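Please have the sequence and the structure at hand.

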Amino acid sequence: MTSRANDRELRWVGRPVPRIDGEAKVRGCATYVHDMAWPGMLFARIKTSPHASARIVRVDTGEAEQVPGVRAVLVGADLPYKVGLYMIDKSILARDVVRYCGEAVAAVAAETELAAEEACERIRIEYEPLPAVLDPVAALAPDAPLVHPGLAEYGRMKGVFFPRPGTNVAHHQKIRKGDLLAGFRAADRTFEHAFSNPPVQHAFLETHTAIVQALPDGRVEIVSSAQSPYTVRQLFSVCFGIPLSRIHVRVPYVGGGFGGKAGIHLEPLVYCLSRKADGRPVKLTISREEAFHTMPSRQGLRSRIRTGVRNDGRITALEVEYLWDAGAYADYGVNVGRAAAYSGAGPYDIPNCHIDSLVVYTNKTFGTAYRGFGHLEVLWGIERNLDLIARELALDPYAIRIGNCLRAGSTTITGEEVTANPGRPDLCLEAAAKAVGWGEPRSGPAPGGTRRRGRGLALLHKAPAMPVFTSCSAILKFNEDASVDLLVSGVDYGQGTYTALAQIAAEELGLPVDRIHVVWECDTDFTPYDWQTVASRFAFMGGNAVIDAARDCLAQLRAVAAQVLHAPESELVCADGKVSVVHNPGSSLDYRRLVMGYTYPNGNSIGGPVIGRGRYIAQGLTHLDPETGQGRPALDWTYGAHAVELEVDTATGDIEILHLASAFDVGKTLNRQQVVTQIIGGVVQGIGSAVSEEFLFDAQGRFRNAGFVDYKIPTAKDIPRRMSQHIVETPQLDGPYGARGVAEHPMISIPGAIGNALADALGIDFFELPLNPERVYLAIKKAGRKKTTDEHR
Amino acid sequence: MEATRRTIRLVVNGKPRSIEVAAHETLLAALKERLYLTGAKEGCGVGECGACTVLLDGRAVNACLVLAVEADGRELGTIEGEARPDGSLSALQRAFIDHAALQCGFCTPGMVLSARALLRRNPRPSREEIVEAIAGNLCRCTGYEPVIDAIAAAAEEEAAEGSVVPPAASAGAGEGRGP
Ligand code: FES
Ligand code: FES
C-alpha cells in the first residue's frame, strides 16, 4: 500500500527515530516471561530421553511423587494429544517410543525448581533401545527404520505438504520448469557438486519459557515467550478441543526468537501440568542445555547440484536435490523444505530447472524455522557452485552472477514473471563488490608469511514463507489527549518493527511520533489478529494494516470536522494534530476537540471516540502445483549481496574477515539506523553459521555440545574488522511507503561469500560447513601433502 | 529439604538492605526472589553468557555463579541503579539507545554493567579493551559493533563531563571480571 504521503515531505518515515523500546531495556524494566511470577505459581522441570531411538518399556513415578513439594508428575502415557503447525506429528511428551536424544519423556511441577528437578531424577524409565537412523541418506534406504510408522494417519495442511507414508519422507517438494534434458543438451559443460550444512541453534539469549494456568471454569491463561500469540492459541485449541474464546494468550517482551519461538512449544505441556496440579499456575523455563538438545533447531542439509552451462557462463539447466535432516519431527521443517525449494535456484534466471526437496525424518533434534528459513542452507551450495563453475570457465565470479541474475522479463523457477519493480539483485551485487574493491589489484599481506588474502561474493534472495491466506490487522485507538494507542499482534522480539510502525502511524495521522504508544504486550483478548511474526513479513503487512487503520481514523475525524467547519470532507487536511480547511488554514480544529466527539458551545455533541481499524491480507498468492511447483508463493522478494575480504592463516586455519560489505534492496528505508543494525546483527549471526556453529552427535545420536562452551556463537571478539552496509531502494509498489522486509536476509549467503573468499585465498574448495579452523587447517595440510607428492612424482 | 537460612546485609544500589537467603541460593535468585530486582537476566545459569552480570564492589560478576551469602557485607550494583541520581539515564544508557546497541534487550542489562565496570577502572578504554570487557557477554541480536560504538561514545562523554558515577558503582573497582 503506497501512501499518499509519498507525494510530500516525509516527517517520520525514513527519519532517524530511536528505538521506542530502548529506555525500558536499558533500565532493566522491560519485563520478559523469565522475570514473571504469578501468585501460587509452581515450577516445572522436564526429564529427557538418553536414547536417540528406544521403546519405553516401563515407567515408575512412585518415588518422584513422594518428593516433598511435588504437585504433578506426567509421562507420555497420560497425554493422548498430538501437536504441530503444518504436520501434526508430535506428542506433548514421548509416548511408547522416544525419537531423539533429549526428547521430553516426563515432567514435574513442584513448589520449587529444586524439588521438581529432584523428582525428575527419581522418575525411573526403562528403555529398550531401537536402531536409530541418524542421517538423511541412510533414512532414505529401503530398509531404513521408520521414525514415524504412523505417518499416513497424521493430520497435516492438505494440498500443501506431501508426505510419503511407509518411508521417512515427511514432505517432497517438486519444482519443474522448462525442459531439463534440452537444457543440458544446450550446455557446453556440465558440473556436479555436493554440499552440506550441519544443524545449528538459534541461541537466542532468553530460552523458551511459559506460564500457564488451567482455570476451574475451563478457561486457559497463557503467558509465553512466543513469536505468535494467535498461532499458539489456534494450535492449542486444535490440540485440546478448547474453543478459542476460552484461551487467553499474552506475549510480553521476548528475548529473541529468530524463528525458534514460532509455532507452538511448551504451552500444551505446561497446561497439562497445571490441570494435574489442581489449576495452580505452572512455569516452565527451558535450561540452556535443553535449549540445544530438546528444543528445535535449524535442520541440516545435503545438496547435490548439477548445472548445465554455456561457455559464456549462461546457465541452461539446473537439477538439484535437497535432503533435509528434519530430525524426529517435521511440524515446521516441512515448510522449510518447501520454501527453500521454490527459491532453491538462488536469485537467478534458470530456463530449465528441476528441484526435489525432501524433508527426511531422522532420530535427531528436530528442525524448525530459523532466520532465513532454508535459504542460508541452500544458498551455501548455490553460491559456492557458481564460483566453482566460474573458475572452470575462467570467468569472473561477478560476471557469472550478473549474467544469470533475475531481471525484469525473467521468470522465476515457479513461473512468476519478474517485473521492473520487485528489487534489483544486480545493483546489490554491484554495491557490495565495489565496497571491497572487487576487480581492483589487491594489497595482500607481505609474501613469505603464513597469511593469505582472498575475496568472495555471494547473492541472496528470500520471500516470506507463509500460507496464501496470511493476514493481519491493526487498531489505532485515540486517547482523550489525542495520543494514540497502536495495537497489533505481531511481536517485536528485537527486530524494531514497533518503532517502524509508530513512524508510519505518526506519518499518516500527522502527529509527532512520541504521541504514538505501541502497546507492547500482545494479547489475544485485546490486540487484533495477526497470523505469525515470522518471515520478515511484519513490517510489510503490519505496516500496510497500520496505514489502513490510520486512514480509517482520519476519515472519522474529517466526517465530524466537516460538520463543525462547514466544509466538504474532501477539502479538509489532517496535519500537525489538526484538521483544517485546505484553502483556509485558519479554520481548523485540534484533534483533541474531536477524538472523543465534538461538543458545540450549546452542549450538543456529535461523533464519538475515534478508533481506526486496519487490515491487510497477502495479495495474489497461489498454491503451488503438487507436481511442478508452479505458482505464486511470494508476497515480495528481498534481494541482497555480500562481499568479503579476508585473511586466512595457513599455520592455524584461522580466518580473519577484514571487510564484509552487504547490500540490500529494501524498497524504502523506513528507519536507516534500524536497517543498518539489523544487517550488522544478521551478518554476525551468519558468520556463526559459516565458521563455528554445528551440532555434534556421537555414534549413538547423543548430543555432544549442548552449551555455549562447546557450541560457539560469535562473541565481541569474532566480528569482522570492518562491516559496511549499502542500501538500494527500488520501491515495492504494494509495500508500506515502498518498503519490503529485511530482518532475516542479512545472515543468508554469508557462508557462501566466506567460502568463496577462502577458495580465492587458498585455492582450496570447501563443500561442508562450518569453516572452522580445524577444517580449514586440515584441508591446507592435505592440499600441501598432495602438492608434495605431485612434485615428487 | 529446607536448607539452612542466613541473614545477609548488603548495600543494593546505594541503599542498605538485609535479606534472608538459603545457603545454596545464587545471587541471581536472591535478586529476583528476595529483592524483586528482575533487571539481571538468566541466559544460561552456568556462567557462560553474561546476561546475569551485576556489580559486586564495582566489579562485574556473573550473578548465577555467586552465592547470595557471598554478597554479605558488600556493595551490589544492578541495572536498576545505573541511572543518574536524579533518575535520568546515564551516559551509557543513553548511548545504548542512540547507537541502537540493543534489539531484544535480553543481554542489555548485563552488557551495560560490564561496560560500567570497565569505565570505572578505565575511563578511557581503547576499542580492544572494550571488546575484552564484553567478550563474556553474549548477544545474539546486535552483532556487537553498535554495542562497542555505544560504550566508546559513553566513555568519551563521561570522561568529558568528569564522570557522573551512579551510587551503585561507587565502591572500589577491582581488576577484570569476577567469576
Ligand atoms: S546466566 Fe549466563 S552467565 Fe549467568
Ligand atoms: S539484544 Fe538480544 S541478545 Fe543482545
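Just after helix 12 of chain A, G437(A) adopts a positive phi of about 75 degrees. The model is a predicted one.

## The buried face of helix 12

Helix 12 of chain A spans residues 425–435. Its buried residues are P425(A), D426(A), C428(A), L429(A), A432(A) and A433(A). Viewed down the axis of helix 12 of chain A, these buried residues fall within an arc of 160 degrees, so they line one face of the helix. An α-helix has 3.6 residues a turn, so residues three or four places apart point the same way.

What covers the buried residues of helix 12? The cover includes strand 20, strand 31, strand 32 and strand 33 of chain A. It also includes helix 11 (397–404) of chain A.

## The four-stranded sheet

The four strands form an open sheet in chain A, in the order 20-31-32-33. Pairing is mixed. Strand 20 (451–462) and strand 33 (723–728) of chain A are the edge strands; each has a single partner strand, so one side of each lacks a neighbour in the sheet. Neighbouring strands are turned by 15 degrees against each other on average, direction ignored.

Strand 20 and strand 31 (residues 638–649) of chain A run antiparallel, joined by 12 bridges. Within this part of the sheet, G456(A) has V644(A) of strand 31 as its bridge partner.

## Helix 16 across the sheet

Helix 16 of chain A covers residues 750–762. This helix lies across strand 20, strand 31 and strand 32 (655–665) of chain A. Relative to strand 20 of chain A, helix 16 runs at about 150 degrees.

Technical notes. Residues numbered from 1 in each chain as written. Chains lettered and ligands numbered in written order. Predicted model: local features only at pLDDT ≥ 70, side-chain atom pairs only at ≥ 80, totals over all residues. Heavy atoms only, no water. Pairing = 2+ DSSP bridges. Helix = DSSP H or I, 4+ residues; strand = E, 2+ residues; numbered from the N terminus. Axes fitted to C-alpha atoms, helices over the stretch in contact; angles between N-to-C directions. Contact = heavy atoms within 4.5 Å. Buried < 20%, exposed > 50% of the residue type's maximum accessible area, 1.4 Å probe, protein only. Arc of directions from axis to C-beta.
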